[in-house]
Amino acid sequence: MKKMNAIAAVTGTVLVGLGVAMAATNPGPESYHDYASQRLMEYAQENACDRLPIAKGSCVAAIGSVQSDIEDIIRRNTQRQNFLLWSVYKTDLSLPLPLIPAYQFETVGAFQSFYTYEYKKQ
């Protein structure tokens with residue numbers, strides 16, 4: 001019986017410690033905005049610049065020049081659900097440009113990291 005109590009105490013302590021660590025490292029909205037805009041910029045530079053009939057260097061520079069605008073769009077179109085130990089971010093991304101589809105992204109943030117687990121073209 002003493003062995004069971006010791007195991008339960010150790011297990012409880014580990015779980016409480018894990019919960020405290022997760023709560024302390026739950027990334028906030030600004031970290032998500034930085035993450036999402038950086039990922040979107042990388043995606044655009046890697047994919048869009050190859051399809052456009054302009055020099056890749058010019059395309060990369062043009063995309064880089066609108067990064068603050070992209071961060072603004074992400075900031076305005078993201079909803080955060082804070083579960084204390086982790087957060088779920090839902091972003092509806094639609095740019096006011098013809099021929100560019102709208103997307104919806106869902107990302108979980110925990111331990112100061114992000115994982116985008118779902119994206120849909122709308």
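Residues are classed here as buried when their relative accessible area is under 20%, as exposed when it is over 50%, and as partly exposed in between, with a 1.4 Å probe and protein chains only. The structure is a predicted model, in which local features need a pLDDT of at least 70 and side-chain atom pairs count only at pLDDT 80 or more, whereas totals for chains, interfaces and linings use all residues. Residues are numbered from 1 along each chain as its sequence is written, and side-chain values use heavy atoms, with hydrogens and water left out.

The pLDDT, the predictor's confidence in each residue on a scale from 0 to 100, averages 83 over the protein chain, and 91% of the residues score at least 70. Confidence is lowest in helix H1 (residues 2–24), where the mean is 73, and highest in strand E1 (residues 78–82), where it reaches 95; helices (H or I, at least four residues) and strands (E, at least two) are DSSP runs numbered from the N terminus.

Three salt bridges are present in the structure, a salt bridge being a side-chain nitrogen of Lys or Arg within 4 Å of a carboxyl oxygen of Asp or Glu. In one of them, the side chain of Glu30 meets that of Arg75 at 3.2 Å, N to O, and this pair links distant parts of the chain, since Glu30 belongs to helix H2 (residues 29–51) and Arg75 to helix H4 (residues 67–76), 45 residues apart. Both partners are partly exposed, Glu30 at 45% relative accessibility and Arg75 at 33%.

Arg75 also forms a salt bridge with Asp72 (3.5 Å, N to O); the two residues lie three positions apart in helix H4 and are therefore separated by about one helical turn. Asp72 is likewise partly exposed, with a relative accessibility of 37%. A further salt bridge joins Lys120 and Glu118 at 3.2 Å, N to O, where Lys120 is partly exposed at 39% and Glu118 is partly exposed at 27%. Through shared partners, salt bridges join Glu30, Asp72 and Arg75 into one network.

Helix H4 also contributes buried residues, namely Ile70, Glu71, Ile73 and Ile74. These residues lie on the same side of H4, because they cover an arc of only 160° around the axis, the arc being that of the directions from the helix axis to the C-beta atoms. The buried residues of H4 pack against H2, E1 and strand E2 (87–93), with contact taken as heavy atoms within 4.5 Å.
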